[in-house]
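Hello,

Below is the model you asked to take over, followed by notes on what was found in it. Please read the notes with the structure open.

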Amino acid sequence: MTILCVRFQLPPTHEAALPGLLGLLEDFTPVVQALPPDAALADLRGAERYFGRDAVELASVIRVRALAHHGVDCAIGAGPGPMLARVALGEARPGVTCAVPEDAAEFLAGKPVAALPGVGAATARTLCEYGLDTLGLVAGAPLATLQRLIGAKAGRELREKASGIDRGRVVPDGVSRSLATERPFTRDELDPDRHRRALLSAAEELGARLRALDKVCRTLTLTVRYADLPHSRTGSSGGAPISTTRSRTLKEPTAHSAALTRAAYGMYEALGLQRARVRALALRAEGLDPAEQASYQLTFDPLDEKARRIEEVADRARAKFGPHAVMPGSLAA
């Protein structure tokens, strides 16, 4: 086992603690990949040789340091590759590290296809319609069948992963390549209009922060944190709020608040929440690039141009009078 996938048990409003926790991992290895909002991958091959301990033993040290220095427990999965470590994390719980055994294929065999990172709902549904509902069945299926169902490249990669072949690697990045903001509610909120107002406020804040940094984002991620209910989609973990996360690649890299708001609304509406008791909504802008390197598609839409001019005025007001000079939601068309 050389790769750890660590999920920190962060309270909903403490996502800002992630950079410090990543620094804790970097005390052991420089090869750390952030998985916002609350997880990370760490390649410990060098650390195993340096400290004379294997990855599972080092995981125990990481857990103790996270508790001692940050008051945060963590669940840890260990595997020979990042994909297997992430699958192992699904079975880990705070205080116990779940390590993939030597026979990775056997470890994966009984798991549902959706347990594999990168297998989305549509792919899982397609496979299940043909009776391929576990990774063991996928690994044993003819390659031609998988390629016919989900495509040549995707079918080949899925069969390899289901067989326990993990060709992935940990790619060092920085949590600074993303910006996040959260809108918690004072009580579990059922009103969709309040949900949308919170998303509007969050999108405007992200847009303003991106523009202040002269950055644009390529991907927007929405996290909906629910009350701890039995019908939740993701299962409960020690009474912690249950959440659903969705990501959307934007049509073009942007820092335009209106475009971010439209993407956030689209993801929210696609969830089809029916009277859901929502505890908090979070937006994360990912894949940040310098604004000067981004292309911008001219729309010749007078309303869009007007919104951009208003943004420029609001940004100047924030720069002069502070971040609260413009009330959240006041830029909505």
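Predicted model: local features only at pLDDT ≥ 70, side-chain atom pairs only at ≥ 80, totals over all residues.

Threonine 97 lies in strand S5. Its side chain makes a polar contact of 3.1 Å with the side chain of arginine 63. Leaving aside neighbours within four places in sequence, threonine 97 is in contact with Val56, Ala59, Arg63, Ile76 and Ala78. One of these, isoleucine 76, is also the bridge partner of threonine 97.

**The five-stranded sheet**

Strand S5 belongs to an open sheet of five strands with mixed pairing, in the order S2-S3-S1-S4-S5. Strand S2 (32-35) and strand S5 (97-99) are at the edges with a single partner strand each, so one side of each has no neighbour in the sheet. From one strand to the next, the twist averages 15 degrees.

Strand S4 (residues 74-79) pairs with S5 in the parallel sense, over three bridges. Besides the pair of isoleucine 76 and threonine 97, alanine 78 stands opposite alanine 99 in S5. With S1, strand S4 runs antiparallel, and six bridges join the two; here arginine 7 stands opposite alanine 75 of S4.

Helix H4 (residues 82-89) packs on this sheet and touches strand S1 (3-8), S2, strand S3 (39-43), S4 and S5. The direction of H4 makes about 140 degrees with that of S4.

How many of the six residues of S4 are buried? Six of the six are, so S4 is largely enclosed by the rest of the structure. In a regular strand, side chains alternate between the two faces of the sheet. In S4, Cys74, Ile76 and Ala78 point one way, while Ala75, Gly77 and Gly79 point the other way, and all are buried.

**Cysteines**

Cysteine 5 is buried at a relative accessible area of 2%. Cysteine 98 also counts as buried, with 14% relative accessibility. The count of disulfides comes to zero.

**Strand S9 and its partners**

Strand S9 (residues 278-286) has eight of its nine residues buried, so S9 is largely enclosed by the rest of the structure. Strand S6 (residues 178-189) runs antiparallel to S9, with eight bridges joining them. Within that pairing, glutamate 182 has alanine 282 of S9 as its bridge partner. Strand S7 (residues 215-226) is likewise joined to S9 by eight bridges and runs antiparallel to it. In this second pairing, valine 224 stands opposite leucine 281 of S9.

**The protein as a whole**

The protein has 12 helices and 10 strands. Of its 333 residues, 43% are buried. Its accessible surface comes to about 17,400 Å², and carbon and sulfur atoms account for 52% of that. Among contacts between residues at least 6 apart in sequence, 66% join residues at least 24 apart.

Regards

Terms used: Residues numbered from 1 in each chain as written. Heavy atoms only, no water. Helix = DSSP H or I, 4+ residues; strand = E, 2+ residues; numbered from the N terminus. Buried < 20%, exposed > 50% of the residue type's maximum accessible area, 1.4 Å probe, protein only. Contact = heavy atoms within 4.5 Å. Areas by Shrake-Rupley, 256 points an atom, 1.4 Å probe, with all protein chains shown as cover. Pairing = 2+ DSSP bridges. Axes fitted to C-alpha atoms, helices over the stretch in contact; angles between N-to-C directions. Polar contact = N/O pair within 3.5 Å; in protein donor to acceptor, adjacent residues only side chain to side chain. Disulfide = S-S within 2.5 Å.
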